[in-house]
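Here is a guided look at a model with several chains. Keep the structure open beside the text and find each part as you read.

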Amino acid sequence: MKKLFKNLSFGRVLIYLFLTVGAITMVFPFYWMITGAFKSGTEIISFPPVWFPTSFALTNFVEAFERAPFLSYFINSVVAMVGSVSICSFTTIVGAFAFSKLDFPFKNVLLALLLGLMMVPFEMIVITNFRTIIDLGLYDNILALIVPFTSSIFYMYILKGFFDSIPNSLYQAARVDGCSNWKYLWKVMVPIAKPSLVTIILLNAIASWNSFLWPSLAILNKVNKTLPFGLYSFVNEGGSRTELMMAASTIVVLPMIILFLFARKQIVNGVARGGLKG
Amino acid sequence: MKVTIKNLTKRFSDMTAVNDFSAVIESGELIALLGPSGCGKSTMLNMISGILAPTEGKIFFDDEDVTDLSPEKRGVGLVFQNYALYPHMTVLENICFPLEIKKVPKEERIARAKEMAKLVHVDTMLDRKPGQMSGGQQQRVAIARALVKQPRILLLDEPLSNLDARLRIEMREEIRRIQQETGVTTIFVTHDQEEAMSISDHIVLMKDGFLQQYAKPQELYDEPANCFVADFLGNPPINKANGVIKNGKIVLEGDCEVELEAAKNIAEGREVTLSMRAEAIIVGEAEKACVGTVEEVYVMGKEVLAYVSLGTTKVRAYIDAEKTFDKGQTVNIGLKKRGVFVFDKETGERLA
Amino acid sequence: MSSTPVKKQKMTLEQFKLKSEWLVYFLPFFIGVLIFTLYPIVNVFLTSFKVDFNYITKEFSGWGLDNYKYVLSDPYFHQALKNTFGYVFVVIPISTCLAILIATLLNQKIKLSGLFQTAYFVPMVTSTIAVGFSWRFMFSHNYGIINYLLGFFNIAPINWLGDPANNFYALCIYGIWAILPFTIILLLSGLQNIDPMYYTAAKVDGAGPIRIFFRVTIPLLLPTIFMVIMVNTISCFKVFNELFPLFQGAGVANNLYTVVYYIYYQFRVLVPAQYGYATAAALILFIIIFIATMFQRFVEKKINN
């Protein structure tokens, strides 16, 4: 009995040891990035490496902001995110309602078609969308980061699944009381679906914030760049000052880390349920 | 308000749920739509509420043809089997919601909702959400929400089936009380005969989409229109024995001759079903209708139930607690007039 | 007399409104899908068969398989295929095994599980570009922390990013790190859906933790594992973003073309842009992904039977 207990606790120690080493590996790039952002030019290239920066002055951040318009990158990222996420949420809600509660011709055929379309990689349709944006006269315009993302089959499908799980008697009860479809959707369905909606909005916001391929295609001028693309050009054009690169990277990464700390449960549950990369 | 239903039929692609149904429901009555599952009673209710459009036939509220009106224009209150309360709203908000849609001013809305909450006895829990309430309480809120807009008619779909046995009795009396206090014409759907018998003014009994009988509860019990009605009502279930009319008597399977006044008017040689309620069979009676054998005697509290064979058929009969019978004893069986019926064996049509 | 037709017209208008109401809900959603998903697919498909397609004048000399012939014989596309498949074959097995192990441990009743979960999941929400720069710093030949740590094991400094012999492995390491959080989340949620009564039953039968892991946990987790492998394979076939922070493109010696990078190169880097080649390569990528998906479904069915 005693031996069993001893073995068990030894096993426990191993589990904690392994998990701790793993956890450190996972967060280490962030630690290295953020401490790197505070290191001086000599500290950063010293070998053996400096584990802790000697000062926490914001000089690297100040210099990064001076060398590239990170404030406007930040604003552009926020505008693109808020714009695409709010419009997409609206179309997702009404679309999911149409497919869940309304009857219309070829509904099931359309739904099957949309499911098939989900398999097509974004990297494939991007070729045409790039041309479409140019043809619409939106090239190098912040609108180009919003317009193509105003509806999402994936999020619509997730929300439709949730709408389907709301008992139909609720809908009938509201109809008997004279409630219009529109009012029912916004007064009953949406409040009930709030947890799902929050998750969808979070995942969509994260994806929008981190997107790189599309902004790098659709945006040309400095003033219209978003953070990841702006960061990339900054590093690419601004030479190899690693401490500035780390400071600029920290600016890009920090908002999402803070968001994650506050909304970890919703994000993790959303990813687990949706089975798609956030 | 009076409800008139004329030749109502509802066909779905593969079945006919309601078939040529006609009835008049008098104003202020509590009506039970009774029948086994799949008999079309819920379809009936949905057509009266306007959720389903009938294939043929008409529905009138008083003299107004409402057949083509959408649910909200009919002025019906509907209570669902699973209550269908909005989970994100409080009790008060739930009851207010129909008035909000009608754009009733907020103060009046709340006053009327509170009045309704008082009527159904949920006025102490106005700020709770449905998830924090018991089934019975949710049911009360659902009734209040249906009544608050002062509907012309109140419809309840299996209102008690989600409740446990004790609550069910309490709630059915509550439904009766609320209905009588408000005087609203009420139709409720149920598959439970006891529920229907205990609180309704009239019962509509349906089977396979057809109206079987529309009568007062006691009349349904005492004068069933056909074999199905007699079968469906009563506990223990009515006793049935098949036989043939010979010389004005019914000869049951196993050569048991039953003398019955009513059988004399039935044509010779007709195959019939003799249905007898347990309380209509008198064991050990001097004035005998036939002879039977006592098989088993069960004492169940205040009642004593005997299994008696008439020919090859075993029937249940209540017997006097004072009398004692032995197993295998041959006894005279008397039949009361009330509670004994003869039906055609094939069609179930009432013959006597 | 005149009121009847008016009333009739009003009825039909109302009926029309009722019948077309769905459009109000459907169209806002569908217009976006139509223009930015449905149309591009058709367009990419058609363009890939257009010979000598000029993207400015939109003229082409005819229909044919020329684009496919070119792409399939282009050594850079061969290299892209080799790298992409290599990436999938390295990243998927390693990340899946690691994730199963970590998810299983996280699923034990451990203290500080919130802290552990935060640590393991946070890379999922961060920019591939920004974190990639941190990895570039860590991979640095002369002053990188990775080479420093390897020094403790008497391993000489490796030129991770600058040497074509090593940069593929740097890409894979970053890829594994980046894909782990998502993989762990899915597997952990799969583990949490396993009814604990199976473990109780196995324990009652006297099975030890190792046996329980291989005979109970893994078989019950198999559907989730397959799902994860499928989703991850698809995302690994599209490896692209990671190339930019680490190598500013396809590696020092242009040795790290991937299929998506090849597509990007054809229509965005090359002047004039080669839409025909890009669309043909995109369609080939789609077919590869489609076949991979079907193959995995097939294996999954085989195993389930």
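## Two paired strands in chain B

Strand E14 (residues 271-276) of chain B and E20(B) run antiparallel and are joined by 5 bridges. Strands here are DSSP runs of E with at least two residues, helices are runs of H or I with at least four, and both are numbered from the N terminus. Two strands count as paired if DSSP finds at least two bridges between them. One bridge to look for links B:Thr273 with its partner B:Phe343 in E20(B).

Before going on, note that this is a predicted model: local features need pLDDT of at least 70, side-chain atom pairs count only at pLDDT 80 or more, and totals for chains, interfaces and linings use all residues. Residues are numbered from 1 along each chain as its sequence is written, while chains are lettered from A and ligands numbered from 1 in the order in which they are written.

## The sheet around them

Which strands make up the sheet, and in what order? It is an open sheet of 5 strands in chain B, ordered E13-E12-E11-E14-E20, with antiparallel pairing. Strand E13 (256-259) and strand E20 (340-344) of chain B are the edge strands, each pairing on one side only. From one strand to the next, the twist averages 40°; such angles run from 0 to 180 degrees between the N-to-C directions of axes, which are lines fitted to C-alpha atoms (for helices, over the stretch in contact).

## Chain A, built from helices

Chain A has 13 helices and 0 strands. Its C-alpha atoms fill a box of roughly 75 × 75 × 35 Å, taken along the principal axes. The radius of gyration of chain A is 24 Å, well over the 19 Å that the globule rule gives for 278 residues, so chain A is more spread out than a compact globule. This radius is taken over C-alpha atoms, and the rule is 2.2 Å times the number of residues to the power 0.38.

Of the 278 residues in chain A, 45% are buried. A residue is buried if 20 or more other C-beta atoms lie within 10 Å of its own, exposed if 12 or fewer, and partly exposed in between, with C-beta atoms placed from the backbone.

## Where chain A meets chain C

How many residues does each chain bring to this contact? Chain A gives 71 residues and chain C gives 69. Contact means that the C-beta atoms of two residues, placed from the backbone, lie within 7 Å. On the side of chain A that touches chain C, H13(A) gives the most, with 16 residues. By class, that side of chain A has 49 nonpolar, 18 polar and 4 charged residues. Ala, Val, Leu, Ile, Met, Phe, Trp, Tyr, Cys and Pro count as nonpolar, Asp, Glu, Lys and Arg as charged, and the others, Gly among them, as polar.

## Two helices in chain C

Helix H3 (residues 75-106) and helix H11 (residues 259-269) of chain C pack at an angle of about 145°, with axes 8 Å apart. Among the residues that meet are C:Tyr76 and C:Phe77 in H3(C), and C:Val259 and C:Tyr261 in H11(C). This contact of H3(C) with H11(C) divides into 7 nonpolar residues, 1 polar and no charged.
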